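Keep the sequence and the 3D view open side by side. The text below walks through them part by part.

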Amino acid sequence: MKAITNGKIITMEEKNYENGTILVENGKIIGVGNNISIPKDCQVIDAKGGYIIPGLIDCHTHLSLMVAYNTLPPIQDYNEHCDPVTPQVEASDAFNPFDEGIAEAMKAGFTTCYTGPGSANVIGGSGFAFKLRGRTLEEMKIKNTEQMKFALGENPKRFFGMKEKAPITRMGTAALLRNTLKEAVEYAEKLKQSEEEGKEKPKYDCKLHALVPVVRGEKRCKIHCHRADDIMTAIRIGKEFHLDYTLEHATEGYLISDILKNEGVTCIIGPLLLNHLKREVWGLRLDTPAKLYEAGVSICLTADEGEGTKFLPVHVGIMIKNGLPEQAAFEAVTINAAKALGLENRLGSLKEGKDADISVFDGHPFSNMTNCVLTMINGEICHKTL
C-alpha cells in the first residue's frame with residue numbers, strides 16, 4: 001500500500017483538496033481526501049506541497065511509430081502510404097515499447113497515450129491506447145481501445161496526388177472515403193445475413209472486414225481535418241454513415257464553433273504551436289481551445305508527435321495564457337482525453353476504484369518552471385525525483 005500526502009490534489013471530480021492524501025493499493029485508488037487514515041505499514045510519499053493530479057493523457061500521438069528529425073524511410077512506421085485505403089493495418093504491429101519518446105513522456109507526467117497511423121492515407125488503419133509502462137505490447141496496450149484513422153484535407157492529396165494517383169483533390173478524397181464505407185456497409189450486411197439467416201458468407205476482404213465495426217458504430221473513428229470546410233465534410237460523412245467519431249486537430253474550428261457545439265462532437269486540438277508548413281494550418285490561432293470551450297465544445301489537447309508529448313504541459317500553459325480557463329485545461333489532458341478513448345471509467349480523475357495513475361509536480365503542472373517529480377502507473381512508481 002502507498003500513500004501520497006501533503007499536496008494540492010486536483011481530482012477532476014466534484015472536490016479538490018488543498019493538503020490532501022491519496023491512498024493506493026493493488027493498482028487502484030482506495031482513498032482521496034483530507035482526512036485519510038494511513039496504515040502503519042504503508043509507504044508514504046511526501047508531495048512537499050506540490051500538485052497531485054491524474055496521470056496526463058495525450059489521446060493523439062504517433063509515439064514509437066514516428067521518429068522526429070529523421071527522414072530514413074525504414075524508421076518511419078506511421079504511414080503505410082503504398083495505398084490511400086489501408087484500414088487493415090494496425091499500429092500494434094509497429095509498436096516499440098523501448099522508444100525513447102515513451103519514457104520521456106512518462107517522466108513528464110503522462111501515464112496513458114494513444115498512438116496510431118498518420119494522415120497520409122484517406123483511411124490509415126487502427127491505433128490504440130496504452131500505459132507508458134512495460135516492455136511488451138501485451139503489457140502496455142489497453143484492450144478494446146482501437147480506433148480507425150481517416151484523413152481529409154491536404155495530406156492524402158499530397159502523398160498520392162503527386163504520384164498522379166487518386167485522390168488528387170478534396171473531392172476525390174471524400175469520394176474515395178464514401179465509396180469504401182459504402183462497400184463496407186454492404187459487406188457488413190452480408191456478414192449479418194450469413195450469421196442470422198444462414199446465407200453464404202461474402203468472400204473475405206481484409207480491408208472491408210476491418211471496417212465492419214466502424215460502419216456498425218462499434219469502433220470510433222479519428223478524422224483528421226484542419227480547415228473549416230474539411231471539418232464540415234467530416235461531419236457530413238459521419239452523419240451519412242452513422243459514425244462514432246472525434247475530430248482531430250480542428251484548427252479552424254473557431255469559425256464554426258456553434259455548429260460543433262450543436263453536433264456534440266469532441267475536438268482533439270493540436271499540435272498547438274505550428275509554423276505555416278502547409279496551407280491548411282494558416283488559420284491556426286492560440287485562442288482556438290478557448291473559443292471552442294466558450295462555445296460549449298468538448299475539447300482535448302494534443303502534441304500530435306512522436307517525441308513531442310513531453311512538451312505538451314508547457315503548450316497547455318500557453319493555451320491558458322490565451323484564454324483557456326485553468327479547469328478546462330486540466331480537463332483537456334485528463335478526463336476529456338479519457339472520454340475520447342472510452343476510458344473515463346478507469347482513467348482521467350482521482351477517484352476511488354479508478355486506476356492508480358497519478359502524477360506529482362513541484363509547481364503548477366502547466367508552467368515551464370515546473371518539474372514532474374513522480375509518475376505512478378497502476379500503483380507502481382515509474383519515475384521519482386522527490
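The lining of the second largest cavity divides into three nonpolar, five polar and three charged residues. Here Ala, Val, Leu, Ile, Met, Phe, Trp, Tyr, Cys and Pro count as nonpolar, Asp, Glu, Lys and Arg as charged, and the others, Gly among them, as polar. The model is predicted, so local features need pLDDT of at least 70 and side-chain atom pairs count only at pLDDT 80 or more, while totals for chains, interfaces and linings use all residues. Residues are numbered from 1 along each chain as its sequence is written, and side-chain values use heavy atoms, with hydrogens and water left out.

Stay with this cavity. Its volume is about 50 Å³. Among the residues lining the second largest cavity are Pro54, Gly55, Thr111, Thr112, Arg346, Asp355 and Asp357. A cavity is a set of points, on a 1 Å grid over the protein atoms alone, where a 1.4 Å probe fits but cannot get out; lining residues have an atom within 4 Å of a point. Grid points are joined across faces, edges and corners, and a volume is the space filled by probe spheres set on the points.

A search of the whole structure finds three cavities of 30 Å³ or more.

Now turn to strand E10, residues 221–225. Helices (H or I, at least four residues) and strands (E, at least two) are DSSP runs, numbered from the N terminus. Five of the five residues in E10 are buried; buried means under 20% relative accessible area, exposed over 50%, and partly exposed in between, with a 1.4 Å probe and protein chains only. Cys221, Ile223 and Cys225 point one way from E10, and Lys222 and His224 point the other way.

E10 has paired strands. Two strands pair if DSSP finds at least two bridges between them. Four bridges join E10 to strand E9 (residues 147–151), and the two run parallel. Lys149 stands opposite Lys222 in this pair. Five bridges join E10 to strand E11 (residues 245–249), again parallel. There, His224 stands opposite Glu248.

Last, find Ala328 in helix H10, residues 326–332. Ala328 is buried, with a relative accessible area of 1%. Its C-alpha atom is separated by 9.8 Å from that of Glu294, 34 residues apart along the chain.

How values were computed:
1 Å grid on protein atoms, 1.4 Å probe; cavity = no way out; pocket = protein on both sides within 12 Å on 5 of 7 lines; lining within 4 Å.
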